[in-house]
Amino acid sequence: MDSTHARKLIRQALEALEEGAHVRALALGDQLTQAMPNDAQVRAIRAEALLAGDSSGDEALEEARTATRLEPFNFHAHLLVARAAWKAERLTLAQQSYERALEYSGRMPELLSEYAWFMAQERGPRPAEEIASEAVDADEESATAWAALGVARHRLHRYREAEDALRRAMDLAPDDPRVQAAMVVLLQDQRKTDQAAPLIDSLSRIPGAEEFAAAARREGKRRQVESMLLERGVDPSPAKPHNAWRIAAWLTMTSIVVGLMTVIALVSQPGPMFVALLIAVLVGWWLRGWFD
């Protein structure tokens with residue numbers, strides 16, 4: 001394949017990715033890979049096309065890692081590794097790759113916001129809050145950065161600060177389903193089900209978010225019932241079952257202990273008495289832990 005034709009196909013593949021036509025981009029990427037297997041940009045195109053599809057992320061991860069081997073300081077290739085590793089649930093690799101991408105990009109604000117969202121979703125809340133705060137400082141107009149900060153503070157149980165951050169994110173991106181979902185979870189945790197309801201309705205109309213919306217509705221109803229029961233002085237926690245098996249177990253334990261105590265009463269020697277008493281205590285304790 002001559003260089004002119006290759007550049008034309010690369011341009012077409014990039015346009016297809018930009019338009020969301022990932023199947024076409026993948027077909028072009030396959031064609032380019034056969035002709036140019038050692039080109040990092042071609043490998044990155046194929047990785048990005050695979051990521052946009054419904055694959056598990058493993059094949060995209062291999063393509064992206066090939067791109068990083070071909071160009072070790074290409075921040076975009078490392079970013080693709082991070083995204084693919086996250087999709088494949090290889091979280092340590094994802095975090096390491098995000099950090100490399102940040103280093104090689106000069107801590108690009110947009111990339112920093114994406115990393116903050118990853119940290120808020122998957123890693124500890126304190127480091128997530130630190131990264132999200134840095135992302136907000138780098139770009140105060142980033143809804144993703146504010147949303148990540150809100151999620152991190154929610155996980156730290158700082159509800160008022162979390163709500164302030166998420167409301168800021170919603171002001172910047174009112175139709176972002178990730179921000180809406182994070183706000184729904186926060187409002188429900190604060191028992192603000194009335195405020196959460198409009199967001200759940202909005203999410204139910206977004207393709208791919210229907211399942212979350214249905215689960216959020218069920219959780220909202222459960223919390224409403226729980227609140228009503230608490231207001232009426234009824235404990236909503238389930239009662240501990242007292243079934244026939246449990247009663248039989250306790251009767252068995254009692255019979256064994258009584259029998260051993262009878263042996264103790266009939267034996268006058270202190271040695272056998274001590275052994276019998278010890279056995280009674282151990283058997284009783286074992287049955288208590290096993291059946292209770």
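The structure is a predicted model, in which local features need pLDDT of at least 70 and side-chain atom pairs count only at pLDDT 80 or more, while totals for chains, interfaces and linings use all residues. Residues are numbered from 1 along each chain as its sequence is written, and side-chain values use heavy atoms, with hydrogens and water left out.

Let me begin with the helix pair. Helix α9 covers residues 143-155 and helix α11 covers residues 177-189; helices here are DSSP runs of H or I of at least four residues, numbered from the N terminus. Their axes come within 10 Å and cross at roughly 25°, the axes being lines fitted to C-alpha atoms over the stretch in contact, with angles from 0 to 180 degrees between N-to-C directions. α9 is therefore roughly parallel to α11, a term for angles under 35 degrees. The crossing of α9 past α11 is left-handed, that is, the near helix is turned anticlockwise from the far one by less than a right angle.

Which residues of α9 meet α11? They are Thr144, Ala147, Val151 and His154, and their partners in α11 are Arg178, Val179, Ala182, Val185, Leu186 and Asp189, where contact means heavy atoms within 4.5 Å.

I turn now to the salt bridges, defined as a side-chain nitrogen of Lys or Arg within 4 Å of a carboxyl oxygen of Asp or Glu. The count comes to 14. One of them joins Glu59 and Arg46, at 3.1 Å from N to O. This pair links distant parts of the chain, with Glu59 in helix α4 (residues 58-70) and Arg46 in helix α3 (residues 40-52), 13 residues apart. Glu59 is partly exposed because its relative accessibility is 42%, whereas Arg46, at 13%, counts as buried; buried means under 20% relative accessible area, exposed over 50%, and partly exposed in between, with a 1.4 Å probe and protein chains only. Both residues belong to a salt-bridge network that also includes Asp30, Arg43 and Glu63.

Finally, Glu163 and Arg167 form a salt bridge with closest N and O atoms 2.8 Å apart. Why are they separated by about one helical turn? The reason is that they lie four residues apart in helix α10 (residues 159-172). Glu163 is buried at 10% relative accessibility, while Arg167 is partly exposed at 33%.

Notes
Helices (H or I, at least four residues) and strands (E, at least two) are DSSP runs, numbered from the N terminus. Angles under 35 degrees count as roughly parallel, over 145 as roughly antiparallel, 65 to 115 as roughly perpendicular and the rest as oblique.
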